[in-house]
Amino acid sequence: MQLTVFSDYGMRLMMMAAAHQDRLITIEEVARVYGISRAHIMKVAQLLVKKGFLKAVRGRAGGLMLGQPAEAIRIGDIVRATEPDFAVVECFKPDNRCRITHSCRLQGILGGAVMAFLDVLDRHTLQDLMLNPEDFGTPNAA
């Protein structure tokens, strides 16, 4: 199983927001720190704001901040929000065309594995991933 780049960026964005809870972070800052596209971070941020994980403050002095306390944000919930699906094999897809689905046992086994994966992620919160602002090479206060 492999998570998408979108989920990776989502986790990184959330970790940076958690490390800087005393101030707003900007899309430009996140893109610079991680060396990734501003456009990609913007898309990820829009989804995370829509889902309530982040809050956006508009305007010249605007930016992003956590939408909930770090200890209330489960890693599994972030992954579910940022992953389009968990179709690890053909039979998980809505347009499944596998000819042996009706008798195959693989779907049940892999379905259980995906559930176990998410169960482990659900045991951890953003608080468990907390880093210091210095870990990002950014100041603690703007």
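Mentor: In strand 2, Met65 is the bridge partner of Lys55. This is a predicted model, in which local features need pLDDT of at least 70, side-chain atom pairs count only at pLDDT 80 or more, and totals for chains, interfaces and linings use all residues. Residues are numbered from 1 along each chain as its sequence is written, and side-chain values use heavy atoms, with hydrogens and water left out.

Trainee: What makes strand 1 and strand 2 a pair?

Mentor: Two strands pair if DSSP finds at least two bridges between them. Four bridges join strand 1 (residues 54-57) to strand 2 (residues 63-66), so they pair; they run antiparallel. Strands (E, at least two residues) and helices (H or I, at least four) are DSSP runs, numbered from the N terminus. Five residues lie between the two strands of this hairpin, and Gly59 in the turn has a positive phi of about 110°.

Trainee: Why is Thr125 called buried?

Mentor: Buried means under 20% relative accessible area, exposed over 50%, partly exposed in between (1.4 Å probe, protein chains only). Thr125 has 16% relative accessibility, so it counts as buried. Thr125 lies in the segment after helix 5.

Trainee: Which residues does Thr125 touch?

Mentor: Leaving aside residues up to four places away in sequence, Thr125 touches Ala70, Glu71, Ile73, Arg74 and Ile75; contact means heavy atoms within 4.5 Å.

Trainee: Why is helix 4 described as largely enclosed by the rest of the structure?

Mentor: Because six of the eight residues of helix 4 (residues 75-82) are buried. Those residues pack against helix 1 (5-19), helix 3 (38-50) and helix 5 (106-122).
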